[in-house]
Amino acid sequence: MSAAGIPEPSPAAAEGRALSDVIIRVEGLTKTYRLGSETVHALRGVSLDIRRNEYLAVMGPSGSGKSTFMNLIGCLDVPSGGQYWLNGQPVAGLSEESLARIRNREIGFVFQSFNLLPRASALDNVGLPLIYAGVRKRERRERAAVLLDRVGLGARKDHRPNELSGGQRQRVAIARALVTHPALLLADEPTGALDSKTGEEIMALFDELHAQGQTLMLVTHEQDIAEHAHRILFLKDGVIERDDRRQK
Ligand SMILES: Nc1ncnc2c1ncn2[C@@H]1O[C@H](COP(=O)(O)OP(=O)(O)OP(=O)(O)O)[C@@H](O)[C@H]1O
Ligand SMILES: [Mg+2]
C-alpha cells in the first residue's frame, strides 16, 4: 500500500504495463550486404526499445547504417540476424503479405525526396495508402482531407506536387504517412531537401504531432534538427555508439 492507501501494482503487473508500452524491440539486429566478393556489414548488432510516444533522432556519419536501420524497422528490408518485435509480435518469419500489411497499417514513411505521385492531386496522394487498406473512395477522400487540414494544407487539396513548394510537398508526404494512423512515423532526412527555414517549419509540425501522441523516429545529419527529439541515437560503423535521453 502507498502512503495514500492506494494498493500498488505488483511488480509483474508493472512489467506487463511497461511491456505493452514498447512498440519496437530489436535485439542484436544485423544486416550484411554482399557485393560480388565483398561483404558489407551495414549493421553489426543493434539492440533497443522504442516506447509509445517517444521522439527519436538517429545521427551518425555517412555509411554508419542509419538508412539500413530505418529500412529494417520499417519492414522495407529483412535483417540478416537478430530479433525484432513490433507491438510485441515477432516480425521474423512473417509472410510477405503480413509484412506488407504492417508497412501499410503500422508504419508511416517520410523520405527526403517526398516520393509523391506527380500526376495525382494532394488529396489523392494522401488517400493512396487507404486504397491498399481497402477503404472506399468516399471515405478515402474524407480522411485525406482531414489529414491535409491537420498539416495546414486545407487550401491546397487539388494541387499537384509541381504546383506546391518543397515544404508543402513534404507536408503532403507527412499527411500520407499518417492517414492510416500508424503506430510509428519514420522519416529519413525529412528536411534534407529543404532550406533551413522550411526545414524548421517541418520540424515544428513533427513537434506538434509528437505533442498529440505520435511516436516518431527520424534520421538526420543536422544537430539542430536532432535537437527537436527527446532521444538521440548515434550510430557508428553499424553499432549504437551513444543513446542520449534529453530533458525537455
Ligand atoms: N543495397 C546495398 N548493397 C550493398 N551495400 C549497401 C546497400 N545499402 C547500403 N549499403 C552499405 O551499407 C552501409 C550503410 O549504409 P546506409 O545507407 O545505411 O548508411 P547511412 O548511415 O544511411 O548513410 P548516409 O548518411 O550517407 O545516408 C554503407 O557502407 C553502404 O555502402
Ligand atoms: Mg542514409
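Visitor: Which elements do the buried residues of helix 4 pack against?

Guide: This is a predicted model, in which local features need pLDDT of at least 70, side-chain atom pairs count only at pLDDT 80 or more, and totals for chains, interfaces and linings use all residues. Residues are numbered from 1 along each chain as its sequence is written, while chains are lettered from A and ligands numbered from 1 in the order in which they are written. In helix 4 (residues 122-132), the buried residues are Ala122, Leu123, Asn125, Val126, Gly127, Pro129 and Leu130 (buried: 20 or more other C-beta atoms within 10 Å of the residue's own; exposed: 12 or fewer; partly exposed: in between; C-beta atoms are placed from the backbone). Going by contacts (C-beta atoms, placed from the backbone, within 7 Å), their packing partners are helix 3 (96-105), helix 5 and helix 6.

Visitor: Is Val151 buried or exposed?

Guide: Val151 sits in the loop between helix 5 (137-150) and helix 6 (166-178). Apart from neighbours within four places in sequence, Val151 contacts Arg171, Ile174, Ala175 and Leu205. Leu205 is 54 residues away along the chain, yet the two C-alpha atoms are separated by 7.2 Å. Because 23 other C-beta atoms lie within 10 Å of Val151, this residue counts as buried.

Visitor: In what order do the six strands of the open sheet run?

Guide: The pairing in this sheet is mixed, where two strands pair if DSSP finds at least two bridges between them. The edge strands, each pairing on one side only, are strand 6 (107-111) and strand 10 (239-245). From one strand to the next, the twist averages 15°. Read across the sheet, the order is 6-7-8-3-9-10.

Visitor: What is the bridge partner of Tyr55 in strand 8?

Guide: Strand 3 (residues 55-59) and strand 8 (residues 215-219) run parallel and are joined by four bridges. For Tyr55, the partner in strand 8 is Leu216.

Visitor: What angle does the direction of helix 2 make with that of strand 7?

Guide: Helix 2 packs on the sheet, touching strand 3, strand 7 (184-188), strand 8 and strand 9 (231-236). Axes are lines fitted to C-alpha atoms, for helices over the stretch in contact, and angles between N-to-C directions run from 0 to 180 degrees. For helix 2 and strand 7, the angle is about 155°.

Visitor: How many of the eight residues of helix 2 are buried?

Guide: The buried residues are Lys66, Thr68, Phe69, Met70, Leu72 and Ile73. They pack against strand 1, strand 2, strand 3, strand 7, strand 8 and strand 9. Helix 2 is largely enclosed by the rest of the structure, because its buried residues number six.

Visitor: Which element gives the most residues to the shell around ligand 1?

Guide: The shell (residues whose C-beta atom, placed from the backbone, lies within 6 Å of the ligand) includes Tyr33, Val40, Gly63 and Lys66. Two or more residues come from each of strand 1 (22-35), strand 2 (38-51) and helix 2 (66-73). The top contributor, with three residues, is helix 2.

Visitor: How many residues of that shell around ligand 1 are polar?

Guide: Here Ala, Val, Leu, Ile, Met, Phe, Trp, Tyr, Cys and Pro count as nonpolar, Asp, Glu, Lys and Arg as charged, and the others, Gly among them, as polar. The shell has four nonpolar residues and one charged, and its polar residues number seven.

Visitor: Is Asn53 exposed or partly exposed?

Guide: Asn53 lies in the loop between strand 2 and strand 3. Its phi is near 70°, a positive value in a residue other than glycine. Because Asn53 has 15 C-beta neighbours inside 10 Å, it counts as partly exposed.

Visitor: What is the radius of gyration of the protein?

Guide: The protein has eight helices and ten strands, and 36% of its 248 residues count as buried. The radius is taken over C-alpha atoms, and the globule rule is 2.2 Å times the number of residues to the power 0.38. A compact globule with 248 residues would come near 18 Å, which agrees with the protein's value of 19 Å.

Conventions
Contact = placed C-beta atoms within 7 Å.
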